[in-house]
Amino acid sequence: MGHLYRLTRTCPTILRQRGAACHKHRDLGNEIGPPLAALTNKSGEFLLRAILDPNQAVESKFTGYVATTTDGRVFTGMIVDETATSLTLARTDGNKDVVLRVDIEELKSTSKSFMPEGLEQEITPQDLADLFRFVQGTTP
């Protein structure tokens, strides 16, 4: 009973604290990064690699950008919307910044995944395993 309770209580907390700003799963989170529901058929090995080394195989639409404006402001994030006149950058906290194209002095890709590295340093191996089960839909 204790382990099942831990699975259903811990994983949503981990997602809320570390992943929900960018990933949506069930009714939790934001649709900035890839939806976690698309990963339900992925192996634990795939998930482990994706979490521990998010830069190993990153799609260009999920890379980070740095926009420097003509007045010296710096915005970092992932481009989530583009128009002829503006860019919308999502930050890691889930908030978004709209930057007018006319104000952009420089826009550079970081060539890295927008997903931060080092999650394994902040959670236990058991929490990581529980997270995999939750994402894969194998929790009660």
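**Close-up views of a pocket and its salt bridges**

**View 1. Lining of the second largest pocket.** Thirteen residues line the second largest pocket, and Lys112, Ser113, Phe114, Met115 and Pro116 lie nearest its centre. The model is predicted: local features need pLDDT of at least 70, side-chain atom pairs count only at pLDDT 80 or more, and totals for chains, interfaces and linings use all residues. Residues are numbered from 1 along each chain as its sequence is written, and side-chain values use heavy atoms, with hydrogens and water left out. A pocket is an open set of points on a 1 Å grid over the protein atoms alone where a 1.4 Å probe fits, with protein on both sides within 12 Å along at least five of seven lines; lining residues have an atom within 4 Å of a point. The volume of the second largest pocket is about 160 Å³, taken as the space filled by probe spheres set on the points.

**View 2. Strands and residue classes around the second largest pocket.** Strand S3 (63–69), S4 and S7 each supply at least two lining residues. S7 gives the most, with three residues. Strands are DSSP runs of E, at least two residues long; helices are runs of H or I, at least four; both are numbered from the N terminus. By class, the lining holds four nonpolar, seven polar and two charged residues. Asp, Glu, Lys and Arg count as charged; Ala, Val, Leu, Ile, Met, Phe, Trp, Tyr, Cys and Pro as nonpolar; the others, Gly among them, as polar.

**View 3. Salt bridge Arg101–Glu82.** A salt bridge needs a side-chain nitrogen of Lys or Arg within 4 Å of a carboxyl oxygen of Asp or Glu. The count comes to four. Arg101 and Glu82 meet at 2.8 Å, N to O. This pair links distant parts of the chain, 19 residues apart: Arg101 sits in the loop between strand S6 (96–100) and strand S7 (104–113), Glu82 in strand S4 (residues 74–82). Arg101 is partly exposed, at 32% relative accessible area. Buried means under 20%, exposed over 50%, partly exposed in between (1.4 Å probe, protein chains only).

**View 4. Salt bridge Arg91–Asp97.** The closest N and O atoms of Arg91 and Asp97 are 2.9 Å apart. Arg91 is partly exposed, at 27%. Asp97 is buried, at 15%.

**View 5. Salt bridge Glu45–Arg49 within helix H2.** The closest N and O atoms of Glu45 and Arg49 are 4.0 Å apart. Both residues lie in helix H2 (residues 44–52), four residues apart, about one turn of the helix. Glu45 is exposed, at 54% relative accessibility. Arg49 is partly exposed, at 39%.
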